[in-house]
Amino acid sequence: MRGPTAKSFKQGFLRSFLVSLKSCRNGDMSLQERKRAVRSSADAAMATARGGGAMWPQALLASSSSSPPTSSSWPRLLPTAAKVKTTRCKSTARRCCRPKRSSSEMIARRLVRKRTKILRGMVPGGELLDGVSLLREAMDYVVHLRAQVAVLRRVSNAMHHMAGAVAPRVQLKGETAQLSDGNQG
Amino acid sequence: MSSSSRRSRSRRAGTSVSSSSSRSISEDQISDLLSKLEALLPDSQARNGAHRGPASRVLQETCSYIRSLHREVDDLSETLAALLASDAVTAEQAAVIRSLLM
(Lines give C-alpha, C1' and ligand atoms only; values in the text may rest on other atoms or scores of the structure.)
Protein backbone atom coordinates (compact mmCIF):
# COMPACT_ATOMS: atom_id res chain seq x y z
CA MET A 1 0.00 0.00 0.00
CA ARG A 2 1.27 3.44 -0.79
CA GLY A 3 1.82 5.88 2.08
CA PRO A 4 -1.36 7.99 2.15
CA THR A 5 -3.58 5.00 1.30
CA ALA A 6 -2.06 2.97 4.11
CA LYS A 7 -2.48 5.82 6.58
CA SER A 8 -6.11 6.50 5.74
CA PHE A 9 -6.92 2.80 5.84
CA LYS A 10 -5.28 2.41 9.24
CA GLN A 11 -7.08 5.45 10.60
CA GLY A 12 -10.44 4.28 9.29
CA PHE A 13 -9.78 0.84 10.68
CA LEU A 14 -8.77 2.18 14.06
CA ARG A 15 -11.82 4.41 14.30
CA SER A 16 -14.30 1.63 13.47
CA PHE A 17 -12.46 -0.85 15.63
CA LEU A 18 -12.37 1.27 18.78
CA VAL A 19 -16.05 2.11 18.41
CA SER A 20 -17.07 -1.53 18.15
CA LEU A 21 -14.74 -2.47 21.01
CA LYS A 22 -17.07 -0.70 23.41
CA SER A 23 -19.53 -3.54 23.04
CA CYS A 24 -16.79 -5.99 24.03
CA ARG A 25 -16.48 -4.49 27.47
CA ASN A 26 -19.51 -6.40 28.68
CA GLY A 27 -18.49 -8.21 31.87
CA ASP A 28 -20.66 -11.28 31.29
CA MET A 29 -18.56 -12.74 28.52
CA SER A 30 -16.01 -15.47 28.97
CA LEU A 31 -12.51 -14.73 27.71
CA GLN A 32 -13.10 -16.86 24.62
CA GLU A 33 -16.36 -15.10 23.85
CA ARG A 34 -14.77 -11.71 24.27
CA LYS A 35 -11.83 -12.75 22.12
CA ARG A 36 -14.23 -13.79 19.38
CA ALA A 37 -16.02 -10.47 19.71
CA VAL A 38 -12.75 -8.55 19.46
CA ARG A 39 -11.69 -10.61 16.45
CA SER A 40 -15.02 -10.03 14.80
CA SER A 41 -14.79 -6.29 15.47
CA ALA A 42 -11.31 -6.21 13.96
CA ASP A 43 -12.42 -8.03 10.81
CA ALA A 44 -15.52 -5.91 10.38
CA ALA A 45 -13.48 -2.73 10.86
CA MET A 46 -10.90 -3.95 8.35
CA ALA A 47 -13.58 -4.72 5.76
CA THR A 48 -15.37 -1.42 6.32
CA ALA A 49 -12.17 0.60 6.07
CA ARG A 50 -11.19 -1.15 2.84
CA GLY A 51 -14.46 -0.28 1.17
CA GLY A 52 -15.42 -1.20 -2.36
CA GLY A 53 -12.13 -1.68 -4.17
CA ALA A 54 -12.03 -5.44 -3.69
CA MET A 55 -14.30 -8.43 -3.19
CA TRP A 56 -13.01 -9.75 0.10
CA PRO A 57 -14.49 -6.97 2.30
CA GLN A 58 -18.04 -7.87 1.23
CA ALA A 59 -17.35 -11.54 1.82
CA LEU A 60 -15.85 -10.82 5.22
CA LEU A 61 -18.77 -8.67 6.33
CA ALA A 62 -21.25 -11.23 5.02
CA SER A 63 -19.60 -14.04 6.94
CA SER A 64 -19.49 -12.10 10.19
CA SER A 65 -23.23 -11.63 10.06
CA SER A 66 -24.95 -14.90 10.79
CA SER A 67 -26.38 -15.65 7.36
CA PRO A 68 -24.08 -17.65 5.10
CA PRO A 69 -23.28 -15.92 1.80
CA THR A 70 -24.91 -17.21 -1.34
CA SER A 71 -23.42 -16.81 -4.76
CA SER A 72 -26.41 -14.76 -5.87
CA SER A 73 -25.53 -11.97 -3.46
CA TRP A 74 -22.39 -11.01 -5.34
CA PRO A 75 -22.08 -9.59 -8.81
CA ARG A 76 -20.94 -12.26 -11.23
CA LEU A 77 -17.36 -11.50 -12.06
CA LEU A 78 -17.03 -13.78 -15.04
CA PRO A 79 -19.40 -16.09 -16.85
CA THR A 80 -17.36 -18.99 -15.60
CA ALA A 81 -14.67 -19.29 -12.97
CA ALA A 82 -11.73 -20.40 -15.05
CA LYS A 83 -8.98 -22.47 -13.53
CA VAL A 84 -5.50 -21.07 -13.40
CA LYS A 85 -3.60 -21.96 -16.59
CA THR A 86 -6.43 -23.61 -18.52
CA THR A 87 -5.04 -24.81 -21.77
CA ARG A 88 -7.56 -27.30 -23.03
CA CYS A 89 -7.60 -28.13 -26.71
CA LYS A 90 -11.03 -28.78 -28.17
CA SER A 91 -10.03 -31.88 -30.07
CA THR A 92 -8.55 -33.62 -27.07
CA ALA A 93 -10.55 -36.73 -27.80
CA ARG A 94 -8.77 -37.21 -31.07
CA ARG A 95 -5.30 -36.38 -29.70
CA CYS A 96 -4.46 -34.77 -32.98
CA CYS A 97 -3.06 -31.46 -31.83
CA ARG A 98 -2.51 -31.80 -28.08
CA PRO A 99 1.18 -31.42 -27.33
CA LYS A 100 2.78 -34.21 -25.39
CA ARG A 101 2.98 -33.27 -21.72
CA SER A 102 5.68 -34.59 -19.50
CA SER A 103 4.48 -36.13 -16.28
CA SER A 104 6.43 -33.57 -14.26
CA GLU A 105 4.47 -30.85 -15.98
CA MET A 106 1.24 -32.61 -15.13
CA ILE A 107 2.34 -32.95 -11.53
CA ALA A 108 3.19 -29.25 -11.42
CA ARG A 109 -0.22 -28.36 -12.79
CA ARG A 110 -1.94 -30.62 -10.31
CA LEU A 111 -0.02 -28.98 -7.47
CA VAL A 112 -0.92 -25.52 -8.70
CA ARG A 113 -4.58 -26.49 -8.92
CA LYS A 114 -4.54 -27.98 -5.45
CA ARG A 115 -2.85 -24.98 -3.87
CA THR A 116 -5.05 -22.53 -5.75
CA LYS A 117 -7.98 -24.29 -4.20
CA ILE A 118 -6.49 -23.89 -0.73
CA LEU A 119 -5.83 -20.20 -1.39
CA ARG A 120 -9.46 -19.82 -2.40
CA GLY A 121 -10.44 -20.98 1.05
CA MET A 122 -8.13 -18.52 2.76
CA VAL A 123 -9.26 -15.39 0.97
CA PRO A 124 -12.82 -14.29 1.83
CA GLY A 125 -14.96 -14.67 -1.25
CA GLY A 126 -12.21 -16.55 -3.02
CA GLU A 127 -14.48 -19.40 -4.12
CA LEU A 128 -16.21 -17.13 -6.59
CA LEU A 129 -13.11 -15.81 -8.25
CA ASP A 130 -11.18 -16.90 -11.30
CA GLY A 131 -7.44 -17.50 -11.08
CA VAL A 132 -6.31 -14.02 -12.06
CA SER A 133 -8.79 -12.24 -9.79
CA LEU A 134 -7.90 -14.58 -6.96
CA LEU A 135 -4.25 -13.59 -7.16
CA ARG A 136 -5.17 -9.91 -7.14
CA GLU A 137 -7.52 -10.37 -4.21
CA ALA A 138 -4.90 -12.36 -2.32
CA MET A 139 -2.39 -9.53 -2.74
CA ASP A 140 -4.86 -6.92 -1.59
CA TYR A 141 -5.97 -9.07 1.32
CA VAL A 142 -2.41 -9.78 2.50
CA VAL A 143 -1.53 -6.09 2.42
CA HIS A 144 -4.55 -5.17 4.51
CA LEU A 145 -4.09 -8.07 6.89
CA ARG A 146 -0.61 -6.77 7.64
CA ALA A 147 -2.01 -3.32 8.33
CA GLN A 148 -4.64 -4.87 10.59
CA VAL A 149 -1.95 -6.69 12.58
CA ALA A 150 0.10 -3.50 12.86
CA VAL A 151 -2.79 -1.44 14.19
CA LEU A 152 -3.95 -4.15 16.59
CA ARG A 153 -0.45 -4.40 17.95
CA ARG A 154 -0.25 -0.66 18.56
CA VAL A 155 -3.66 -0.61 20.25
CA SER A 156 -2.64 -3.53 22.40
CA ASN A 157 0.62 -1.82 23.38
CA ALA A 158 -1.17 1.44 24.15
CA MET A 159 -3.74 -0.32 26.32
CA HIS A 160 -1.00 -2.30 27.94
CA HIS A 161 0.77 0.86 29.00
CA MET A 162 -2.42 2.39 30.31
CA ALA A 163 -3.34 -0.76 32.12
CA GLY A 164 0.02 -0.72 33.86
CA ALA A 165 -0.85 2.53 35.59
CA VAL A 166 -3.94 1.32 37.38
CA ALA A 167 -4.31 -2.43 37.21
CA PRO A 168 -2.27 -5.52 38.04
CA ARG A 169 0.19 -6.57 35.35
CA VAL A 170 -1.29 -8.44 32.43
CA GLN A 171 1.14 -11.02 31.16
CA LEU A 172 1.25 -10.72 27.40
CA LYS A 173 2.19 -13.63 25.20
CA GLY A 174 5.91 -13.77 24.69
CA GLU A 175 6.60 -10.79 26.88
CA THR A 176 8.33 -11.01 30.18
CA ALA A 177 9.53 -7.43 30.60
CA GLN A 178 8.35 -5.42 33.57
CA LEU A 179 5.39 -3.13 32.94
CA SER A 180 6.90 -0.45 35.11
CA ASP A 181 9.75 -0.11 32.65
CA GLY A 182 8.88 3.11 30.90
CA ASN A 183 11.04 2.44 27.88
CA GLN A 184 8.70 0.04 26.14
CA GLY A 185 7.18 1.15 22.89
CA MET B 1 -13.82 -33.62 -38.06
CA SER B 2 -12.68 -30.80 -40.31
CA SER B 3 -10.82 -27.82 -38.97
CA SER B 4 -13.59 -25.49 -40.11
CA SER B 5 -16.14 -27.15 -37.87
CA ARG B 6 -13.68 -26.91 -35.00
CA ARG B 7 -13.34 -23.20 -35.60
CA SER B 8 -17.06 -22.64 -35.72
CA ARG B 9 -17.48 -24.65 -32.55
CA SER B 10 -15.00 -22.31 -30.87
CA ARG B 11 -16.92 -19.27 -31.99
CA ARG B 12 -20.19 -20.66 -30.75
CA ALA B 13 -18.85 -21.26 -27.26
CA GLY B 14 -20.04 -18.44 -25.03
CA THR B 15 -16.91 -18.13 -22.99
CA SER B 16 -13.46 -18.02 -24.39
CA VAL B 17 -11.87 -21.24 -25.42
CA SER B 18 -8.19 -20.47 -25.12
CA SER B 19 -6.64 -19.85 -28.48
CA SER B 20 -2.90 -19.84 -28.37
CA SER B 21 -2.65 -16.01 -28.37
CA SER B 22 -5.06 -15.44 -25.46
CA ARG B 23 -3.45 -18.25 -23.50
CA SER B 24 -0.07 -16.54 -23.53
CA ILE B 25 -1.60 -13.21 -22.51
CA SER B 26 -3.28 -14.65 -19.46
CA GLU B 27 -0.23 -16.75 -18.59
CA ASP B 28 1.84 -13.56 -18.68
CA GLN B 29 -0.73 -11.88 -16.46
CA ILE B 30 -0.64 -14.75 -14.03
CA SER B 31 3.14 -14.80 -14.03
CA ASP B 32 3.25 -11.07 -13.33
CA LEU B 33 0.74 -11.36 -10.51
CA LEU B 34 2.62 -14.27 -8.98
CA SER B 35 5.83 -12.23 -8.96
CA LYS B 36 4.09 -9.33 -7.27
CA LEU B 37 2.49 -11.69 -4.78
CA GLU B 38 5.82 -13.29 -4.01
CA ALA B 39 7.34 -9.87 -3.35
CA LEU B 40 4.85 -9.43 -0.51
CA LEU B 41 5.87 -12.62 1.23
CA PRO B 42 8.34 -12.58 4.10
CA ASP B 43 11.91 -13.60 3.23
CA SER B 44 11.06 -13.35 -0.41
CA GLN B 45 14.01 -13.48 -2.75
CA ALA B 46 11.86 -11.87 -5.41
CA ARG B 47 12.44 -8.59 -3.65
CA ASN B 48 16.06 -8.76 -4.70
CA GLY B 49 15.04 -9.13 -8.33
CA ALA B 50 15.83 -12.84 -8.42
CA HIS B 51 13.80 -15.09 -10.67
CA ARG B 52 10.57 -15.95 -8.98
CA GLY B 53 9.86 -19.37 -7.58
CA PRO B 54 7.46 -21.84 -9.18
CA ALA B 55 3.77 -20.98 -9.05
CA SER B 56 3.03 -23.84 -6.71
CA ARG B 57 5.61 -22.59 -4.22
CA VAL B 58 4.32 -19.01 -4.32
CA LEU B 59 0.76 -20.23 -3.76
CA GLN B 60 1.80 -22.44 -0.87
CA GLU B 61 3.77 -19.71 0.84
CA THR B 62 0.97 -17.22 0.34
CA CYS B 63 -1.39 -19.62 2.09
CA SER B 64 1.07 -20.08 4.96
CA TYR B 65 1.55 -16.37 5.27
CA ILE B 66 -2.18 -15.66 5.37
CA ARG B 67 -2.56 -18.43 7.93
CA SER B 68 0.14 -16.88 10.13
CA LEU B 69 -1.38 -13.41 9.80
CA HIS B 70 -4.75 -14.82 10.87
CA ARG B 71 -3.06 -16.41 13.86
CA GLU B 72 -1.46 -13.10 14.81
CA VAL B 73 -4.80 -11.33 14.64
CA ASP B 74 -6.26 -14.07 16.79
CA ASP B 75 -3.49 -13.79 19.40
CA LEU B 76 -3.79 -10.01 19.48
CA SER B 77 -7.56 -10.34 19.88
CA GLU B 78 -7.01 -12.58 22.86
CA THR B 79 -4.56 -10.10 24.37
CA LEU B 80 -7.00 -7.26 23.88
CA ALA B 81 -9.84 -9.34 25.28
CA ALA B 82 -7.81 -9.93 28.43
CA LEU B 83 -6.98 -6.23 28.75
CA LEU B 84 -10.60 -5.28 28.31
CA ALA B 85 -11.71 -7.87 30.83
CA SER B 86 -9.43 -6.47 33.48
CA ASP B 87 -11.40 -3.22 33.32
CA ALA B 88 -8.06 -1.56 33.01
CA VAL B 89 -9.06 0.60 30.10
CA THR B 90 -11.97 2.97 30.33
CA ALA B 91 -13.88 4.63 27.53
CA GLU B 92 -11.96 7.83 28.15
CA GLN B 93 -8.67 6.01 27.78
CA ALA B 94 -9.88 4.46 24.54
CA ALA B 95 -10.54 7.95 23.22
CA VAL B 96 -7.07 9.03 24.30
CA ILE B 97 -5.57 6.03 22.52
CA ARG B 98 -7.42 6.94 19.37
CA SER B 99 -6.21 10.50 19.41
CA LEU B 100 -2.64 9.43 20.11
CA LEU B 101 -2.49 6.86 17.36
CA MET B 102 -4.26 8.83 14.65
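This is a predicted model: local features need pLDDT of at least 70, side-chain atom pairs count only at pLDDT 80 or more; totals for chains, interfaces and linings use all residues.
Let me begin with a word we will need throughout: a residue counts as buried when its relative accessible area is under 20%, as exposed when that area is over 50%, and as partly exposed in between, with a 1.4 Å probe and only the protein chains considered. By that rule A:His144 is buried, because its relative accessible area is 4%.

Residues are numbered from 1 along each chain as its sequence is written, chains are lettered from A and ligands numbered from 1 in the order in which they are written, and side-chain values use heavy atoms, with hydrogens and water left out.

Now to the two chains. Chain A has five helices and zero strands, where helices (H or I, at least four residues) and strands (E, at least two) are DSSP runs numbered from the N terminus. Chain B, for its part, has four helices and zero strands. Of the 185 residues in chain A, 39% are buried, and of the 102 residues of chain B, 33% are buried. If we call two residues in contact when they have heavy atoms within 4.5 Å, then 51% of the contacts in chain A with a separation of 6 or more are made by residues 24 or more positions apart.

Let us return to A:His144, which is found in helix H5 (residues 131–166) of chain A. Which residues does A:His144 contact, once its neighbours within four places in sequence are left aside? They are A:Met1, A:Phe9, A:Met46, A:Arg50 and A:Trp56.

By class, the contact of H2(A) with H3(A) has seven nonpolar, three polar and two charged residues, where Ala, Val, Leu, Ile, Met, Phe, Trp, Tyr, Cys and Pro count as nonpolar, Asp, Glu, Lys and Arg as charged, and the others, Gly among them, as polar.

Another residue of helix H2 of chain A is A:Arg39, which counts as buried because its relative accessibility is 17%. Leaving aside neighbours within four places in sequence, A:Arg39 is in contact with B:His70, B:Val73, B:Asp74 and B:Ser77. The C-alpha atoms of A:Arg39 and A:His144 are separated by 15 Å, and the two residues are 105 residues apart along the chain.

Finally, the core. A nonpolar core is a set of buried Ala, Val, Leu, Ile, Met, Phe, Trp, Tyr and Cys residues joined through side-chain atoms within 4.5 Å. The largest one has 58 residues, and those with the most contacts inside it are A:Phe13, A:Phe17 and A:Leu119. Helix H5 of chain A gives the most to this core, with 17 residues. As for A:Phe17, its contacts beyond four places in sequence include A:Val38, A:Leu152 and B:Leu80.
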